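I opened the model and picked a few spots to look up. My entries follow.

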Amino acid sequence: MTPGEILAEAGRRLPGARCAAETGVAGAAGTAETVTMDVPRRDWLAALGFARDVAGCDFFDWLTAVDEQDEGFAIVVHLYSLGSGQHLLVRTLVPRQDPALPSATGLFRGAGWAERETHEMFGVVFDGHPGLAPLLLPDGFEGHPLRKDFPLAARAAQEWPGAKEPGEREASQRSRRRLVPPGVPEGWTPP
């Protein structure tokens, strides 16, 4: 399907979706267009099914979240058609107080790992996922480190390495001896 055909068919089958075709996004090479579908949370699985079954995007590339602070979390999936080379982004927004979506593992087996990572890093729950077990963080880790409200412990424990506050030790006035590159005679000056 061409991007125009995908847009027309998505408008017919997913009336709540906002769709657009853009050039040069999501890793699309050259002049390839990427179709972007913004869907309400209730249409999440329908949009992914449309992408696979109608648009022919049979390769699940990645899924992640973006912390949009007061708006909630934007969940983004990049799909690709191995046959036509078509790129498709599906996006939805979940509220911060109820960050949950149905799992895409029934449509794309490759979604399992990405959903586990997104659950661990952002706290988004994927209902129906076969096992949202911890994936990257050590046992006992508390919180979701990619949320914008997550406190950065390293900054609280030590000062920023490049900070220069009044009263801090000044750099030595002596400069390091400049070394001559190998093969250049000692004392040689450039013309």
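I looked up a side-chain pair, and found His 87 and His 78 joined by a polar contact of 2.9 Å. A polar contact is a pair of N or O atoms within 3.5 Å; within protein, one must be able to donate a hydrogen and the other to accept it, and residues adjacent in sequence count only if both atoms are side-chain atoms.

The model is predicted, so I noted its limits: local features need pLDDT of at least 70, side-chain atom pairs count only at pLDDT 80 or more, and totals for chains, interfaces and linings use all residues. Residues are numbered from 1 along each chain as its sequence is written, and side-chain values use heavy atoms, with hydrogens and water left out.

Is His 87 buried or exposed? His 87 is buried, at 9% relative accessible area. Buried means under 20%, exposed over 50%, partly exposed in between (1.4 Å probe, protein chains only). His 87 lies in strand β5, residues 87-94. Helices (H or I, at least four residues) and strands (E, at least two) are DSSP runs, numbered from the N terminus.

Next I checked β3 and β4. They run antiparallel, joined by 8 bridges; two strands pair if DSSP finds at least two bridges between them. Ala 65 has Ile 75 in β4 as its bridge partner. The hairpin has 5 residues between the strands, and there Gln 69 takes a positive phi near 55 degrees.

Then came α3. Its buried residues include Ala 111, Thr 118 and Phe 122. The buried residues of α3 pack against β3 (59-67), β4 (73-80) and β7 (125-127), where contact means heavy atoms within 4.5 Å. Gly 123 follows α3, with a positive phi near 85 degrees.
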